[in-house]
Amino acid sequence: MRVPTEWLKDYIDLNAPLDELAHKLTMAGLEVEETIELSKKDFASAGGSGTRNEVIWNVKVTPNRGDWLSMVGVARELGPIVGSRIRMPSVDVVSTEPPASELISIRIDDPQLCRRYVGVVIRNVKIKNSPGWMKDRLIAAGMRPINNVVDVTNYVMLELGQPLHAFDLRLLHGSQIIVRQAKEGETITTIDGVERKLERDMLVIADADRPVAIAGIMGGADTEISEQTQDILIESANFNSTSIRRTAKRLNMVTESSYRFERQVDPSVAAIAAMRAAQLIYELGGGEIARGAVDVYPVPVEPLTLTLRPDRANAILGTSIEPADMAGYLNSLEINTSIENNILRCCVPTFRSDITREIDLIEEIGRVYGYDKLPMTLPRSSMQGKDSPEGAFRDKLRRILMSCGAQEVLTHSLVDGKLAELAGKADIRVVVRNPLSEDLDSMRVMLIPNLLQVLARNQAFGTSSLSVFEIGKIYYRNGDGEIGEKLSLAGAMVGSQWRRAWSLPQKALDANFFLCKGVVESLLDGLGVADARFIRTENPLLHPTRAATIVVGDREIGFLGEIAPNVADTLDVRGRPCAFEIDFELLMSVTPDVLKYREVPRYPAIYRHLAVVVSDNIDYHEVEQTVIASGRGLIENVDLLDLYKGEQIPPDRKSLTLSMVFRSLERTLTDEEVNAVLAEVREALIRNVGASFR
Amino acid sequence: MGELEILNEIRSMALRRILEATSSAELDAVEIEYLGRKGELTQRLRQVGSLPPEMRKEFGQTVNRIKEELVKAITGRRETLAAAEVSMRLKKEAVDVTLPGRFYQIGRPHILVETLNRIKQIFIGLGYEIVEMPEVESYKYNFAALNYPEEHPALDEQMSFYITDERLLRTHTTAYQHRVMEKRKPPMRVCTLGKCYRVDAVDATHGHTFHQVDCFTVDRGITMADLKGTLQQFATEMFGKQVEVRFRPDFFPFVEPGAEVAVTCTICEGKGCGVCKGSGWLELAGAGMIHPNVLETAGIDSEEYTGFAFGFGVERMPMLIHGINDLRLFMENDLRFLRQL
């Protein structure tokens with residue numbers, strides 16, 4: 001809100017430099033966001049007098065302090081800073097007969113939504129331009145001067161915070177004002193020329209026949225003040241903030257009036273504001289003010305009396321402020337406070353609707369005392385801090401994956417729903433009802449599509465060697481439609497995994513299924529997960545014959561594979577990307593908390609190689625299992641050295657060169673022993689997997 | 001020529017040949033020629049029986065002396081030659097040491113995750129327990145339990161993405177407060193970190209998704225001075241000793257008294273610059289004493305217990321520390337950016 005500082009001086013003496021006052025106001029909670037200087041030229045070009053300069057503060061009013069949305073409100077906040085009280089504008093009118101009550105009747109149908117309605121009538125007003133001083137003040141406050149009557153309603157709103165509206169009295173059917181909810185099918189054309197459909201629970205001001213204003217938001221064009229207007233009705237009413245906010249939102253309207261009502265207007269000020277407006281209209285446009293306002297105020301608001309315990313205030317603030325000083329602070333904010341038996345009795349003025357209990361008064365004491373003077377301590381008791389189990393595990397995973405060469409990334413959870421379709425999970429995705437745009441309409445169901453997008457984007461940026469991983473939430477609906485979310489871990493890679501590898505064979509460097517599997521195996525190895533198996537699978541994201549689930553014990557914890565060509569195409573990833581995704585919690589559950597020490601072998605090992613030729617449809621896993629099972633417990637490790645297919649063996653067979661480590665934990669093995677075991681292994685391989693040997 | 005003279009002749013010749021040998025192979029040949037089974041000296045020794053008895057002793061001794069001498073000479077020469085050969089081989093193996101090294105691409109942490117971890121460690125050090133909380137929240141936890149009245153203008157700052165009438169993406173990590181309070185009993189000192197979402201157009205300083213940290217404590221005798229001290233401690237750990245913390249009144253429905261927390265601008269050290277808009281201060285966090293309504297809603301006696309809470313955005317910190325000027329960089333994952341930090 002714009003606060004013209006010259007105008008402010010009507011209500012309070014600014015006895016210090018403006019910079020200093022702005023700073024103090026900011027430190028009291030009413031932030032002066034910027035200071036604007038309007039020149040004579042600025043005033044002139046906006047239609048003002050052009051005879052003065054003015055410094056204007058732009059203040060940020062927090063949503064709880066509707067009372068700050070006026071000159072008087074800001075002046076009040078300056079009270080404790082400059083050490084004086086404000087001067088309210090004097091309201092002194094000469095009224096005429098007949099009384100207003102004979103010229104207009106006012107009825108409130110719904111006192112819940114309209115606590116008070118004050119109507120003042122002025123007849124035979126001359127509608128014309130406002131004088132320069134009035135125009136200047138409105139311009140300084142950021143409003144456009146219109147005519148003397150409308151200007152006065154705006155002026156009083158800015159001065160006292162009470163939104164006003166002026167009707168052309170002669171255009172009100174039946175000389176009647178009814179505050180009621182809109183009826184089915186009613187419409188109104190507001191003064192901005194827009195015809196608006198009203199809904200049943202919107203509060204309107206109606207005359208005998210039709211709505212003439214949307215209560216607290218905007219008046220209607222039909223009863224608007226025009227050059228022909230002679231008699232006017234000034235509305236100074238108080239509307240329910242929730243109702244105004246709902247209606248304004250539904251109609252997509254924000255006005256100076258609705259903005260104030262949403263933030264609460266003091267019902268007590270309605271009558272003063274009405275008479276203040278009448279006085280100013282009389283001064284600017286003559287006419288006759290009808291005696292007495294029509295004031296419908298079914299349940300007048302009373303000031304709230306609260307008690308405040310000084311000990312409690314000090315206990316909250318961590319201070320030792322004297323009760324008398326506390327009372328002084330509150331009094332400086334017009335909260336009349338007395339001390340009885342060391343307890344403060346505080347009478348909260350009706351304009352401070354934000355103060356409802358003791359703690360609110362404690363904040364006021366803190367504000368006036370100054371937050372900057374509060375001491376700095378630490379809580380007396382000490383507690384043991386700790387990371388969440390997930391957080392600690394996450395860090396472990398990050399370390400391992402980074403050491404595997406993967407760059408950590410962080411992608412959006414709000415994504416295009418098409419990614420879920422790609423993953424074959426459109427049915428379980430969580431959809432946002434009010435997305436920013438169509439391509440941000442869903443929560444991600446999986447991390448891999450996001451990572452593929454990262455690969456594609458980086459390829460477009462010219463980075464072709466890529467390995468990335470992310471640990472983050474994925475979101476889903478379960479069988480009952482319940483929304484769930486869980487942590488997931490995924491990695492994706494494409495291109496060379498070496499930063500620099502001149503003259504090395506490209507084929508060995510590029511990411512492929514086995515390099516990707518190697519990362520997963522390194523991860524499991526790093527965690528101490530021993531019994532992982534990889535089983536052929538199908539997945540909409542993956543190459544139909546290069547995809548595997550990762551099984552630990554009897555739990556499927558994730559999957560890995562080469563990305564299906566159509567998926568890579570859709571997401572614009574070049575090359576042959578590979579990826580894996582693992583359920584974070586399942587992985588955590590199969591990871592041993594503590595790794596147990598196994599004795600380091602003391603006896604020497606004997607190493608043997610064996611080239612096993614088997615049919616193409618025999619899995620390596622089967623061969624390996626056969627070797628281990630037939631090894632009499634003496635084969636410590638089997639590893640694959642080479643996979644060969646080619647001229648030297650039949651076309652439908654492959655040769656697997658195995659490296660075997662023989663070792664006993666109890667003795668030194670002899671060559672003869674190992675040869676005997678190896679013979680058994682060969683026999684078992686012939687028997688179980690139809691092997692021949694090279 | 002006497003036999004001994006012949007021996008001397010052989011000795012001289014052999015020594016010369018040893019010295020003249022230019023490779024191990026040549027030297028081996030010389031060795032065999034003189035000392036081998038059919039070597040000249042070996043054969044001479046076999047002749048000893050055909051000599052007159054009075055000569056045998058001297059002859060034998062001389063041959064053996066010469067043999068020892070030759071063995072020693074050969075060994076010496078062999079060492080010399082071997083050293084020369086190694087040095088020759090190594091010379092041939094010369095590489096251009098200025099050729100680039102071959103190395104595996106290393107993985108780096110994401111700067112935001114790293115910042116979150118740093119923040120986490122500071123709060124763990126201050127006695128906070130980190131808890132994991134959902135991002136898809138209910139209106140109840142995100143707003144109602146935090147003392148937001150229905151249809152309050154304070155909601156304007158927290159425009160939400162809704163999934164259903166009741167379910168929304170959390171607009172602040174503060175949403176976890178009531179979840180924790182309804183499950184635990186004081187004393188509590190907890191912290192959560194993570195993604196938050198607000199309906200906000202995306203530009204260099206705004207995004208629909210951002211990361212927040214939220215901490216709160218509830219105990220007997222917690223004061224606003226404790227809050228101030230805690231945040232000063234945090235700021236010092238995070239930004240360094242020279243940083244001061246400034247409190248000024250602000251409004252958040254879930255705290256009372258409420259405060260906006262600022263720290264000395266880390267760019268200009270408080271002198272005033274473009275980043276802090278000349279004020280010398282940077283807004284850091286929203287904070288305050290937990291509103292008694294919030295405690296009471298969770299069934300905590302607000303007379304016996306008090307608490308403080310604060311929350312802040314994370315992106316701003318690495319932006320300040322590393323001079324990053326566009327928020328979008330964090331989630332765009334351009335590796336040319338990520339690999340720098």
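Student: How many bridges pair β1(A) with β3(A), and is the sense parallel or antiparallel?

Tutor: β1(A) and β3(A) pair over 3 bridges, in the antiparallel sense. Strands pair here if DSSP finds at least two bridges between them. Strands (E, at least two residues) and helices (H or I, at least four) are DSSP runs, numbered from the N terminus. One bridge links Arg2(A) to Asn58(A) in β3(A).

Student: Before we go on, what are the ground rules for this model?

Tutor: This is a predicted model: local features need pLDDT of at least 70, side-chain atom pairs count only at pLDDT 80 or more, and totals for chains, interfaces and linings use all residues. Residues are numbered from 1 along each chain as its sequence is written, while chains are lettered from A and ligands numbered from 1 in the order in which they are written.

Student: Back to the sheet. What is the strand order around β3 of chain A?

Tutor: The order is β1-β3-β2 (chain A), an open sheet of 3 strands with antiparallel pairing. β1 and β2 (31-38) of chain A are the edge strands; each has a single partner strand, so one side of each has no neighbour in the sheet. On average, neighbouring strands are turned by 30° against each other, direction ignored.

Student: Which strands does α2(A) lie across?

Tutor: Helix α2 (residues 18-27) of chain A lies across β2 and β3 of chain A. The helix runs at about 155° to β2(A). Axes are lines fitted to C-alpha atoms, for helices over the stretch in contact, and angles run from 0 to 180 degrees between N-to-C directions.

Student: How is chain A divided into domains?

Tutor: Chain A has domain 1 (2-82), domain 2 (95-296), domain 3 (304-373), domain 4 (389-590) and domain 5 (606-693). These bounds come from an automatic or database domain assignment.

Student: How many residues of domain 1 of chain A are in contact with domain 2 of chain A?

Tutor: 20 residues of domain 1 of chain A are in contact with 18 residues of domain 2 of chain A. Contact means that the C-beta atoms, placed from the backbone, lie within 7 Å. On the domain 1 side, β1 (2-4), β3 (54-60) and α4 (71-82) of chain A each supply at least two residues. α4(A) gives the largest share, 3 residues. That side divides into 10 nonpolar, 6 polar and 4 charged residues. Ala, Val, Leu, Ile, Met, Phe, Trp, Tyr, Cys and Pro count as nonpolar, Asp, Glu, Lys and Arg as charged, and the others, Gly among them, as polar.

Student: And how far apart are the centres of those two domains?

Tutor: Their C-alpha centres lie 26 Å apart. In chain B, the centres of domain 1 (3-92) and domain 2 (111-338) are separated by 91 Å, taken over C-alpha atoms.

Student: New topic. At what angle do α6(A) and α9(A) cross?

Tutor: Roughly 140°, with the axes of α6 (residues 148-160) and α9 (residues 269-285) of chain A coming within 9 Å. That makes α6(A) oblique to α9(A). Angles under 35 degrees count as roughly parallel, over 145 as roughly antiparallel, 65 to 115 as roughly perpendicular and the rest as oblique.

Student: Which residues make the contact?

Tutor: Val152(A) and Val156(A) are among those of α6(A), and Ala273(A) and Leu280(A) are among those of α9(A). The contact residues divide into 12 nonpolar, 3 polar and 1 charged.

Student: What partners does β8(A) have? Take β5(A) first.

Tutor: β5 (residues 105-108) and β8 (residues 176-181) of chain A pair in the parallel sense over 4 bridges. Arg107(A) has Ile178(A) as its bridge partner there. β8(A) is also joined to β11 (residues 203-206) of chain A by 4 bridges, running antiparallel. Ile178(A) has Ala206(A) as its partner in β11(A).

Student: How many residues of chain B are in contact with chain A?

Tutor: 77 residues of chain B, against 80 of chain A. Helix α8 (residues 224-239) of chain B gives the most to chain B's side, with 8 residues. That side divides into 37 nonpolar, 19 polar and 21 charged residues.

Student: Which strands pair between the chains?

Tutor: β25 (residues 498-500) of chain A is joined to β1 (residues 103-104) of chain B by 2 bridges, running antiparallel. Arg500(A) has Phe103(B) as its bridge partner.

How values were computed
Contact = placed C-beta atoms within 7 Å.
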